[in-house]
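Please study the structure and then follow each solution step by step.

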Amino acid sequence: MAANLTAGTDAGTPGPGSAGTARATGKGRTSPAGRPRRTARLREALWGYTFMAPALALFAVMGVYTIVYGFSLSFAQWNGFWPQWHWRGLRNYTDLLGGSPTYAPIVRTAALNTLYVMIAVPVLTVLISFPLALVLNSIRRFQGVLRSVYFLPYVTTGIAVYFAWQYILEPEGAINLLLQSVGLGSLSQPQGWLGNPDTALPTLIMVMVWSAVPVSMLLYLTGLQSLDGSLLEAAQLDGAGRVRTALHIIWPLMRPMTLVITLLNLRDALQGFQMFLIMTNGGPGDSTSVLGLETYRLAFLSELSPTLGLASALGWLLFVAALVVAFLNQRATRRTQ
Amino acid sequence: MEHSPAFRQGRRRLLAAAPAMALLAAGCGRSAGAGRDRLTMWTFKQSHVKALDAAAAAFTAQTGTKVAIQAITPDDAFLTKVQAAARTNDLPDVIEVHANGDDLSFGGAGLLEDLAGTVGRSWLDKYLPQVRKDGAVTAAQYRDSLTEGSKTMGVKEGQRFSVPLTVGTFGIVYADRRRLASAGVTEPPATWEQFIDALAAVHRTDPKRGGITIGVQQPSTALEWLMQPMAFGMLGKERFQALFGSDPSKGFASADGQRVLTEYGRVTPYWMPGTAAKSIDDADLSFAQGKSAFLVGGTFTLAFLAANGADPANIMTFPVPPPARAAIPGMQLSPFALTGLSVTRTSRRKDEAMAWLRFLSQPDVAADFGRAALDVPPNLLTGADRKAVGPLLTTMLDSFGTGENAYNAGDTTYRPSLYDPGKVGAVLAGYTPLKSTGARQTGNHISSMIKSYWAEQ
């Protein structure tokens, strides 16, 4: 190691602290030996930048350019074909926020549905995954098998799962058949669970929760396994039962994990739309339209209407909403620490 | 700085590979555009591919020019692909388009060749008179294109951006002949009342699988394919068009509008379970699989049904009928161009592309195409060519009407230019099949929407 360092210094590569010394004495600028040293440094820097260049170029094209392009587009009217954009200023935003009798009601309905999803999905996910993790953590036999079983929804391809759910939820699907076979036929949905505007959104929320529980459960399990066992032992010695220990000892300790899970699910609820697109396309009527889906529709499903700018504006409004959520989450995290 | 030989060798390899990778990336980006040795054509209809391939083989035998046909489905994917290809200058030579729709949007944006100078009288005379103007920009379409936000901005009156490939109309009811017969219905219903009676009769025999379906997930279908033809026959052309006019007193909230909605609402008990959640393809599949006894579609639906196992011999078709005491009792449906063929501006083989279009417009070629694709060709077919399309398509050709009293679903000139049938259809879907609103509320809502579209005109 020492030999290497010496060889490096001899060849003109500065050793640790050498550049500082040269600057302090002022010798590096004037001495003839400084020139090759500077060239070497330059070459090294050049190589460094060369290796960084692809990543920088990629970020410039895929990141900066797209963001600037998308933001500019949100002030314009364009259908993707016209040779140039038509500037509308803030009208795309004002139209979406109430100015247009055509678009404002659509956004309003979608925003309300998104809000329901944002509240229901995280709450239900936590309510299901925390007890599930507690149970899984406490059993000794078949723990690995059961974990795999509960994790299956997460590793299955989304689109295939959505199509499978569609069949299950049809008028003659498995859910209705099951309800009828156990004598609960009155609860079955003759129009299918996705065909009735009253049940479509709650049904989609349940499917979202079903696919969100595995990761949340795994996160809780990780948290539970890192708990200090002496705390639980102390609680048991004090006579606390399982429920009491879970609610008053474990649950408060899991609060940071709960915040992470909530934030992840909030993000999915705010931006995700694939399931809504595939399973209902926002219907029946507009009972399952959400903001993410409406953004996609305005961009790609508007039959060539020049609504790419509106889509972009709605996307930026969603971004602002996501920022607010992130800010609130940060505040909440700080309070719990 | 000294580097090991292995490092230097690695660096040399990296630098040598960089141009090759750049070339590879450039090559990937221009898969369809560069180095073509044949004419390329995109279609959004899978059912047209075999028929077009057969026509292309005949064209190659005649001219020596090869044609590569590629289907991109569904429609949304096709539009997105065209959008992306237009941005990367990578469009094919010929594309199949929705006539009087996509062709005008693409044409206005400068993607398509203006065919007005090339497609002359002798070419157009081969087509049915009703569809000769389709694909060309009319005065009304030009006026609409001037509205801010219009899809067709940039077009000029007299330009032509497509020639017809298939024609037909919406508002064709498909019914299961055997199941109708077992319910005592042997003749196609001639009035709306007979239609409702037929629905009731078949539904009685099999409440679960005897209903009617349509792709309500795309809500414009029920509005444009079922309600509008019935309303046109019921009210007559003038009063029907007034429903969509700028005078709200004659709109859907008026007495006429309420009569239409009430009559249309009679279909409500007979929707197939789950219809509200069906896409167009899902609805067609349901009928093909026997889950419903009736399906509302267009002339273009037959090919999809046949491809998915429906027996054409067991299918009864009839146009959506008007009520018995209608303004136009024997109403017929006027055909219009459903799809057309366009040549792209960036094509390097424009002459060959035009020759391909001209070839497909020949009556014998069109008849063969129609039979193979189970789709109605735009030509004035007579004699052997008419027989060549087969009995079912001949029946559809016979049901086409002309003149003022024939309902032309392709005529949208009476509506405000920013009118969106999907959004109006969604309100109608709330009335039926969803039953979440009544006729009065629905009429008021649609009227106020149409008023706002006119206000933006």
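A search of the whole structure finds 35 aromatic pairs over all chains. Rings of Phe, Tyr and Trp (its six-membered ring) pair if their centres lie within 6.5 Å; planes under 30 degrees apart count as stacked, over 60 as edge-to-face and the rest as tilted. The model is predicted, so local features need pLDDT of at least 70 and side-chain atom pairs pLDDT 80 or more, whereas totals for chains, interfaces and linings use all residues. Residues are numbered from 1 along each chain as its sequence is written, chains are lettered from A and ligands numbered from 1 in the order in which they are written, and side-chain values use heavy atoms, without hydrogens and water.

**Exercise 1.** Classify the ring pair of B:Phe170 and B:Phe336.

*Solution.* 
Step 1. The ring centres are 5.5 Å apart and the planes stand at 80°, so the pair is edge-to-face.
Step 2. B:Phe170 lies in strand β5 (residues 170–176) of chain B and B:Phe336 in strand β10 (residues 336–343) of chain B, so the pair ties together parts 166 residues apart in sequence. Strands here are DSSP runs (E, at least two residues), numbered from the N terminus.

**Exercise 2.** Determine whether B:Phe170 is buried or exposed.

*Solution.* 
Step 1. Buried means under 20% relative accessible area, exposed over 50%, partly exposed in between (1.4 Å probe, protein chains only).
Step 2. B:Phe170 has 16% relative accessibility and therefore counts as buried.
Step 3. B:Phe336, at 8%, also counts as buried.

Methods
Helices (H or I, at least four residues) and strands (E, at least two) are DSSP runs, numbered from the N terminus.
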